[in-house]
Amino acid sequence: LMKHPEYNYRHVRAVRAGHVISIPLQGRFTEKDIVEQRYIDSVRDLPVVEGSAEQIGREIKQRLVRETEKRVRYAGNLALAFSGGIDSFSVALALAELGMIKNVEAYSINTEGQGSDWPNAQKAAKYLGMKLHEIRASKLHTLEIIPEVVHLAELYKDYDIFCAAACYLLGEAMRKQDVSAVLTGDGANECFRDYTNWGCFA
């Protein structure tokens, strides 16, 4: 996009969650040619689930499996960014439900052998029978990539940079393995109110 002759800052805009912006790359284009479309259902459009905790749990599981299946249907060399926590483990369970757990390889970061997620990732991968790759990242290399991470992600809060750096390191390793699609568990903490120890919820 940056190489397009018509590119300039008047066409820079924020993309709303659940939406994609289409811009024609052939010939000249005007403001009316830039189209915003929703690519996933809004939460407001989804039917309300009522019932017992068990019924709601079953419905959440069914939706997770259904949405995971949509994303893996046409994926090529598929990988899972895996910490062993509730986020990525939920996706792994959905893959197991779909009978695809043996077709997906998981990747987890272990910074100089001291990564706090690594023991959990090992236990969870063994439980699921999933192949797990250990990405050994040095503290020096992690610090070296921070300027590039900030530039690419345009994030400036400490925790956001921390998460983006982890994704960058995972991406480096996955590219060497010709991975073409990556599943992550982003969002599960928000859905399941798992941030209680951060003081986000009463």
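Me: Buried means under 20% relative accessible area, exposed means over 50%, and partly exposed lies in between. This is a predicted model. Why does Q177 count as partly exposed?

Reply: Q177 has a relative accessibility of 43%. The cut-offs are 20% and 50%. The value falls between them, so Q177 counts as partly exposed.

Me: Where does Q177 sit, and what is it in contact with?

Reply: Q177 is in the loop between α5 (158-176) and β6 (181-183). Beyond its neighbours within four places in sequence, Q177 is in contact with N77 and Y107. N77 is 100 residues away along the chain, yet the C-alpha atoms of Q177 and N77 are separated by 8.8 Å.

Me: Turn to helix α3. Which of its residues are buried?

Reply: In α3 (residues 118-128), the buried residues are W118, A121, A124, A125 and L128. Each is therefore under 20% relative accessible area.

Me: What puts these residues on the same side of α3?

Reply: The arc. They cover only 130° around the axis, which puts them on the same side of α3. K123, K126 and Y127 are exposed on the other side.

Me: What covers the buried residues of α3?

Reply: The cover includes α2 (86-97), β4 (105-111) and β5 (132-137).

Me: What follows α3?

Reply: G129, with a positive phi near 70°.

Me: Now the largest nonpolar core. Which of its residues touch the most other members?

Reply: The core has 17 residues, and L80, F82, A92, L95, M130 and L183 touch the most other members. β3 (78-81), α2 and α3 each supply at least two residues of this core. The most come from α3, with 5 residues.

Me: How many helices and strands does the protein chain have, and how much of it is buried?

Reply: The protein chain has 6 helices and 6 strands. Their pattern along the sequence is β-β-α-β-α-β-α-β-α-α-β-α. Of its 202 residues, 29% count as buried.

Methods: Residues numbered from 1 in each chain as written. Predicted model: local features only at pLDDT ≥ 70, side-chain atom pairs only at ≥ 80, totals over all residues. Heavy atoms only, no water. Buried < 20%, exposed > 50% of the residue type's maximum accessible area, 1.4 Å probe, protein only. Helix = DSSP H or I, 4+ residues; strand = E, 2+ residues; numbered from the N terminus. Arc of directions from axis to C-beta. Contact = heavy atoms within 4.5 Å. Core = buried A, V, L, I, M, F, W, Y, C linked by side-chain atoms within 4.5 Å.
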